[in-house]
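Please look over the sequence and the structure first.

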Amino acid sequence: MRAKPETSMPHPIPVSEDSRPEVTGKVPDDLLRVGDLDPETLTELLDLAAAMKQEPLGWERDLRGGAIGCLFEKPSTRTRVSLATAAQRLGMSAIVLNRDEMQLGHGETVADTACVLSSFLDAVTVRTFDHATVEQMADAATIPVVNALSNTHHPCQSLADLLALRERFGALAGLTATFLGDGTSNTCNSFLAAAAASGMHLTIASPPEYATDAHVLAEAREVMAQTGGSVTLTTEPIDAVRTAQAVYAEVWVPMDKPHEREERAARLAAYRVDDALLARAPREAVALHCLPAVRGEEITSEVLDGPRSLVWNQAANRLPTAQAVLHTLITTNRQRTV
């Protein structure tokens, strides 16, 4: 039977300001990658998300009447719905912006679009192919910009991952995890940065052709020197999961690389997360996946729907973490511009 996610229904009573978790660390102007958050701020943001998960409507008065824009260049399910619902629970409207329906798709520059949107909105989220698009938007905008996915980073997913792991295991520091598959992917890059900031021990198992970028590794190891975490690279999936408390699978073929399907499937077949591989991990190990999943390729249905799956909790946590990010960035931006 499929494991059900832990969910909470909206509570009609606002949370007392005296009992609210606060993000008092160094809040960035934008959230373009996990590395924009220092370890202290990341922990506080997770605390806020956990509180918002318990009392979803406790913050609805703070930003009432505001609006966010959600710019999509890629298809979306979890990102679109979680952001729109998070905005609603903060008393805000969410306006979906499809590129082909905007002047951005007819010659207007990203910078010009950012300037205009800054006049109308309190924040803009961007789900795009090229990370440079997110950076250009952030450089020109006077409102917070949130990377809702780019080809190199997926910070919103990693925040949901950390919250799910913290709910299951408690403290994140010292937790052991293994990422299997494409070590160059946006999900891997962001999960590595999240593991670094949390003091986790991460093993990345991937074919040599998909080894994690040296610059990304160097940044993570610099943070891990402060938090006590570590990262190890290997090409051996069985060895990689032997001590893993969390085993992370990810889709093999990105949306922008359908032409590589046959090649990727051949090279990544050994990194499939199935019952046999998960049996090599400790008993308490859980399976992770950012979704959407191609059942039978990178992960089997038996694992995805099984008792060790934390996947549906990851997906559910996209909502409270999005709510925490929007509230923190928008509130901080308003304070800085007064």
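The points below cover sheets, helix packing, pockets, a cavity and backbone details.

This is a predicted model, in which local features need pLDDT of at least 70 and side-chain atom pairs count only at pLDDT 80 or more, while totals for chains, interfaces and linings use all residues. Residues are numbered from 1 along each chain as its sequence is written, and side-chain values use heavy atoms, with hydrogens and water left out. Helices (H or I, at least four residues) and strands (E, at least two) are DSSP runs, numbered from the N terminus.

**The four-stranded sheet**

- Four strands make an open sheet, ordered β2-β1-β3-β4, and the pairing is parallel. Two strands count as paired if DSSP finds at least two bridges between them.
- The edges are β2 (93–98) and β4 (145–149). Each has a single partner strand, so one side of each lacks a neighbour in the sheet.
- On average, neighbouring strands here are turned by 20° against each other, direction ignored. Axes are lines fitted to C-alpha atoms, for helices over the stretch in contact, and angles run from 0 to 180 degrees between N-to-C directions.
- Four bridges join β3 (residues 123–127) to β4 in the parallel sense. Val 126 has Asn 147 of β4 as its bridge partner.

**The five-stranded sheet**

- A further open sheet has five strands in the order β7-β6-β5-β8-β9, with parallel pairing.
- β7 (230–234) and β9 (286–289) are at its edges. One side of each is left without a neighbour in the sheet, because each has a single partner strand.
- Neighbouring strands of this sheet are also turned by 20° against each other on average, direction ignored.
- β6 (residues 201–205) pairs with β7 in the parallel sense over five bridges. Thr 203 has Thr 232 of β7 as its bridge partner.

**Helix α5 and its neighbours**

- Helix α5 (residues 155–169) packs against helix α13 (residues 318–337) at an angle of about 115°, and the axes are 9 Å apart.
- This α5–α13 crossing is right-handed. A crossing is right-handed if the near helix is turned clockwise from the far one by less than a right angle, and left-handed if anticlockwise.
- From α5, the contact uses Cys 156, Gln 157, Leu 159, Ala 160 and Leu 163. From α13, Arg 318, Pro 320, Thr 321 and Val 325 take part. Contact means heavy atoms within 4.5 Å.
- By class, this contact has six nonpolar, two polar and one charged residues. Ala, Val, Leu, Ile, Met, Phe, Trp, Tyr, Cys and Pro count as nonpolar, Asp, Glu, Lys and Arg as charged, and the others, Gly among them, as polar.
- α5 also lies across β8 (246–249) and β9, running at about 165° to β9.

**Pockets**

- On a 1 Å grid over the protein atoms alone, a pocket is an open set of points with protein on both sides within 12 Å along at least five of seven lines, a cavity is a set where a 1.4 Å probe fits but cannot get out, and lining residues have an atom within 4 Å of a point.
- The largest pocket holds about 570 Å³ of space. Grid points are joined across faces, edges and corners, and a volume is the space filled by probe spheres set on the points.
- Its lining has 29 residues, with Leu 149, Asn 186, Val 251, Pro 254 and Met 255 nearest the centre. α2 (78–89) and α6 (186–198) are the elements giving two or more residues to this lining.
- The lining of the largest pocket has 10 nonpolar, 10 polar and nine charged residues.
- The second largest pocket holds about 480 Å³. Its lining has 22 residues, and Arg 33, Gly 35, Asp 36, Leu 37 and Val 223 are closest to the centre.
- α7 gives the largest share of the second pocket's lining, seven residues. That lining divides into 11 nonpolar, five polar and six charged residues.

**Cavity**

- The structure has one cavity of 30 Å³ or more. The largest cavity has a volume of about 40 Å³.
- Residues lining the largest cavity include Leu 37, Val 325, Thr 328 and Leu 329. α13 supplies the largest share, three residues.

**Backbone details**

- Leu 149 sits in strand β4. Leu 149 has a positive phi of about 145°, although it is not a glycine.
- The peptide bond from Leu 291 to Pro 292 is cis, with omega near 0°. Pro 292 lies in the loop between β9 and α11 (301–304).
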